[in-house]
Amino acid sequence: MQNTFDAIVIGSGISGGWAAKELTEKGLTTLVLERGRDVKHLVDYPTTSLMPYEFEHRGRLTQEIQEANPIASRCYAFREDALHFFVKDAEHPYIQEKPFDWIRGYQVGGKSLLWARQTQRWSDFDFEGPVRDGFAVDWPIRYADLAPWYSHVERFAGIAGNRDGLDSLPDGDFLPAWPLNIVEDHFKNTLKQKFNTRHLISARAAHLSQPQPIHLEQGRAKCQNRVLCQRGCPFGGYFSSNASTLPWAAKTGKLTLRPHSVVHSIIYDEKKGKATGVRVIDTQTKQEIVYNARIIFVNAAALNTNLILLNSTSGRFPQGLGNDNGLLGKYIAFHNYSATISAEYEGYLNYTTDGRNPAGGGYVPRFRNLYKQETDFLRGYAAGFNAHRSTSNPRPDAIGEDWKKQLLNPQPGLWRVGSHMMGETIPKATNFIALDKEQKDDWGVPLLRVNVAYDENDEKMRRDYHEQFTAMFAAAGFTNIKTHITPRNPGLDIHEMGGVRMGHDPKTSLLNKWNQLHACSNVFVTDGACMTSTATQNPSLTYMALTARAANHAMEELKKGNL
């Protein structure tokens, strides 16, 4: 195997796949390094077509697996049908200085096989947030910088959604949306009539509702509404690196994919003033191998990207690559999913639903502190919303034939509605990760110490979400309204971000407006680690757009001889 390439991409997940696609399309020989095993589309989805009765434990986890994996078991998708795509707790330990659930997928495709597929653009309310509200640092880009790249990735990935005309949530290049059901529509109309600055829209999601020629060319087909996405989709109905970007990159003949490759560190040449390659540990042989390239994209997922950079020390960068200001690993943030609300609705009992909605129902874009500061907390929250018809169970006193009849002829009950909060957390220096000075993993890399927690702003935001949604639910005529605080640790949202933030000033940030390290311009970081703030939107679409934009810039700089 050759050791020198035009580009190296560390990580094959949602942003790494995009880096591979863009760089190979531009003619660059590109090595993609993945620390986990290979997972080939169509070949390596062992549970994708199994019926419920074919699972030994009917989809549930054994007590033994749960006890061995208390962290992974807290993730909603860690079940019998998908547990083979999750990192088990003992496989790559880390140190929790404060409770933090680090959910990972170490295989080709990474967590793109497991993500929730929710895709919303950011607006300037988000990019201008830090400078307006006085936290973190100013983003070095605005919506206009990223808008064409959002369109670029939306057209290729396939995003279903409506053009809703909201300034807080820009429209995109959409496929037809999945419709709301009648009670979701009822709530939408209630907001329109009684809360005119608040909106419920069909959730925008990376599912092919109406495949276009570019999707068929990828070998993907229409989403079948199976809602078994965490198993891997044999139709390519939702976007993943495995079904889309990696096979596309492979078709160029410029891609080399190397699984079982833990990146130990990035090699910096002080004479050249640039990175020259990466040091890799083969997970099967424990052999150390060096690969060289002109440019390096770091897309190992937020915390592992931080880890690699922190471990890439040299005489020039004793605190980690690009870390002149000592900020690498700091200002970690996430999304606050710790509140939900539920209720019932006694209307529309002559309606029910048929089939499944892969988008999950509705989405309420952020409405708090949008145009002005109106609460005692910073920023705001978005929310999911869905309604379904409950199904009656056999009466407790039913036995024998009576019980059997009731079981075989379930009757629809009341509508049940629910919402979950997606709150923006404020990046702070006190939320940080660092390398342990003594303990190392099986590949000789220091263990990660994680020190991330909620704060008072998150508590105030959670109370406001419960108050506002209680009022909106009551206005819609919902009854039996119950608020819930879910005891979830930071990290379980699987939206960890930051540590290598973008910014204008090398003194207060690590990356410039093109996602290049200020102090080492041929290294690009375009996964969650680059995020200066989190906004409330699901972040993956923004990672994809940032990656495509950065790859295009890298190619232009290579042509100019600047890298």
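This is a predicted model: local features need pLDDT of at least 70, side-chain atom pairs count only at pLDDT 80 or more; totals for chains, interfaces and linings use all residues.
For H5 and H12 the angle is about 105° and the axes are 8 Å apart. Angles of 65 to 115 degrees count as roughly perpendicular, and H5 and H12 are therefore roughly perpendicular to each other.

Let me now bring in helix H1, which covers residues 14-25, and ask how it packs against helix H12, residues 540-560: at what angle, and with what distance between the axes? The angle between H1 and H12 is about 30°, and their axes are 9 Å apart. That makes H1 roughly parallel to H12, since the word is used here for angles under 35 degrees. The crossing of H1 and H12 is right-handed. On the H1 side the residues involved are Ile14, Ser15, Trp18, Ala19, Glu22 and Leu23, and on the H12 side they meet Ser540, Tyr543, Met544, Thr547, Ala548 and Ala551. By class, this contact of H1 with H12 is made up of eight nonpolar residues, three polar ones and one charged one.

The remaining pair is H1 with helix H5, residues 143-157, where the axes come within 13 Å and cross at roughly 100°. H1 and H5 are therefore roughly perpendicular to each other. Here Trp18, Lys21 and Glu22 of H1 meet His152, Val153 and Phe156 of H5, and the residues of this contact divide into three nonpolar, one polar and two charged.

Eight of the 11 residues of H8 are buried, so H8 is largely enclosed by the rest of the structure. Which residues of H8 are buried? They are Ser241, Asn242, Ala243, Ser244, Thr245, Leu246, Trp248 and Ala249. What covers these buried residues includes H1 and H5, together with helix H7 (213-217) and strand E5.

After H8 comes Gly253, which has a positive phi, near 80°, and which sits in the loop between helix H8 (241-251) and strand E5 (255-258). Is Gly253 buried or exposed? With a relative accessible area of 63%, Gly253 is exposed, because exposed means over 50%.

Another glycine, Gly36, is placed in the loop between strand E2 (30-33) and helix H2 (63-68). Gly36 counts as buried, because its relative accessibility is 7% and the cut-off for buried is under 20%. Leaving aside neighbours within four places in sequence, Gly36 is in contact with Tyr106, Gln107, Pro259 and His260.

Lys286 has a phi near 65°, lies in the loop between strand E7 (274-282) and strand E8 (288-298), and is partly exposed at 47% relative accessibility. Ala301 has a phi near 85°, is found in the loop between E8 and helix H9 (302-310), and is partly exposed as well, with a relative accessible area of 28%.

I will finish with Thr425, in the loop between strand E14 (412-424) and strand E15 (432-440). Thr425 counts as buried, at 1% relative accessibility, and its side chain reaches the backbone oxygen of Phe334 at 2.7 Å. Not counting residues up to four places away in sequence, Thr425 touches Ala333, Phe334, His335, Asn336, Asp458 and Thr534.

Key:
Residues are numbered from 1 along each chain as its sequence is written. Side-chain values use heavy atoms; hydrogens and water are left out. Helices (H or I, at least four residues) and strands (E, at least two) are DSSP runs, numbered from the N terminus. Buried means under 20% relative accessible area, exposed over 50%, partly exposed in between (1.4 Å probe, protein chains only). A polar contact is a pair of N or O atoms within 3.5 Å; within protein, one must be able to donate a hydrogen and the other to accept it, and residues adjacent in sequence count only if both atoms are side-chain atoms. Contact means heavy atoms within 4.5 Å. Axes are lines fitted to C-alpha atoms, for helices over the stretch in contact, and angles run from 0 to 180 degrees between N-to-C directions. Angles under 35 degrees count as roughly parallel, over 145 as roughly antiparallel, 65 to 115 as roughly perpendicular and the rest as oblique. A crossing is left-handed if the near helix is turned anticlockwise from the far one by less than a right angle, and right-handed if clockwise. Ala, Val, Leu, Ile, Met, Phe, Trp, Tyr, Cys and Pro count as nonpolar, Asp, Glu, Lys and Arg as charged, and the others, Gly among them, as polar.
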